[in-house]
Amino acid sequence: MTQTHTDDYRRADGRALRLTFAEPDGVVRGGLVVLHEADGVTDGVRFLVSSLAEEGWLAVAPHIYDGAEDGKLTGQDVLAATDITLAWLVERGVQADLLGVVGFDLGGTAALVVASSRKLGAAVSVGGQSSANDLPALMDIAGKLTSPWLGIYGDSGDESGVAEVERLREVAASSKVATNVVRYPGANHRFDADPGAAAEAWQRTLSWFDAHLR
């Protein structure tokens, strides 16, 4: 498994952020910002960063909670941290059209916030609740997407969950970029009870970046 590293990155303008990243052994295909789950940059997030690096991506997770008040994330917290992280990737030589963002669980909601506010090559949300922390509701921003976006969601096996995901599909499709929403019947928003769905979601994530970051 590719080793991860954690550094404190400081911009010339004084903005600073702790970053956990992993570099591919070979050619760098592009750069991916990995937005963490509700527990911060955990071992699971480090594993994800490492796994993406093994696929050829320079992957980096900003420690967003370090700058958030009371442990609550706002859309502005997410965007500020993502902007700094994108600058770090560009300084590492990643071209602007080869930049993407991905998030799981709370990070999935955060990734949609970024995808509706920044023009990146691709974005992926795996799971995530319609309302999380102080982030915007998914339905309020999905129609404003400015980056090609893949959303992967479980419907929790109930009618309300099915309706919510299908409504999100409709709203996202109204945006002016490529979108796809995939629903897994019976899976929860963390995909932790369905290994098969989680494995397929991972492959869909890789395929989305393969198709759009090239």
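**A guided tour of the predicted model**

Begin by selecting Asp-105, which sits in the loop between strand E5 (99-104) and helix H3 (106-115); helices (H or I, at least four residues) and strands (E, at least two) are DSSP runs, numbered from the N terminus. This is a predicted model, in which local features need pLDDT of at least 70 and side-chain atom pairs count only at pLDDT 80 or more, while totals for chains, interfaces and linings use all residues. Residues are numbered from 1 along each chain as its sequence is written, and side-chain values use heavy atoms, with hydrogens and water left out.

Asp-105 has a positive phi of about 60° although it is not a glycine. Most residues other than glycine have a negative phi. Asp-105 is buried, with a relative accessible area of 10%, where buried means under 20% relative accessible area, exposed over 50%, and partly exposed in between (1.4 Å probe, protein chains only).

Next, select Ser-156 in the loop between E7 and H5, where phi is again positive, near 60°, in a residue other than glycine. Ser-156 is partly exposed, its relative accessible area being 45%.

From there, move to helix H5 (residues 159-173), whose 15 residues should span 21 Å at 1.5 Å a residue, in agreement with end C-alpha atoms that are 21 Å apart; the expected span is 1.5 Å times one less than the number of residues. Colour Gly-161, Val-165, Leu-168, Val-171 and Ala-172, the buried residues of H5. Seen down the axis of H5, these buried residues fall within an arc of 125°, so they line one face of the helix; the arc is that of the directions from the helix axis to the C-beta atoms. They pack against helix H4 (138-141), strand E7 (149-154) and strand E8 (179-184), with contact meaning heavy atoms within 4.5 Å. On the face of H5 turned away from its buried side, look for the exposed residues Glu-159, Glu-170 and Ala-173.

Now show helix H2 (residues 75-91) together with H3, whose axes come within 10 Å and cross at roughly 75°; axes are lines fitted to C-alpha atoms, for helices over the stretch in contact, and angles run from 0 to 180 degrees between N-to-C directions. H2 and H3 are therefore roughly perpendicular to each other, a term that covers 65 to 115 degrees. The contact is made by Gly-75, Val-78, Leu-79 and Thr-82 of H2 and by Ala-110, Val-113 and Val-114 of H3.

Finally, select Thr-2, in the segment before strand E1 (5-10), which counts as buried at 14% relative accessibility.

Methods
Angles under 35 degrees count as roughly parallel, over 145 as roughly antiparallel, 65 to 115 as roughly perpendicular and the rest as oblique.
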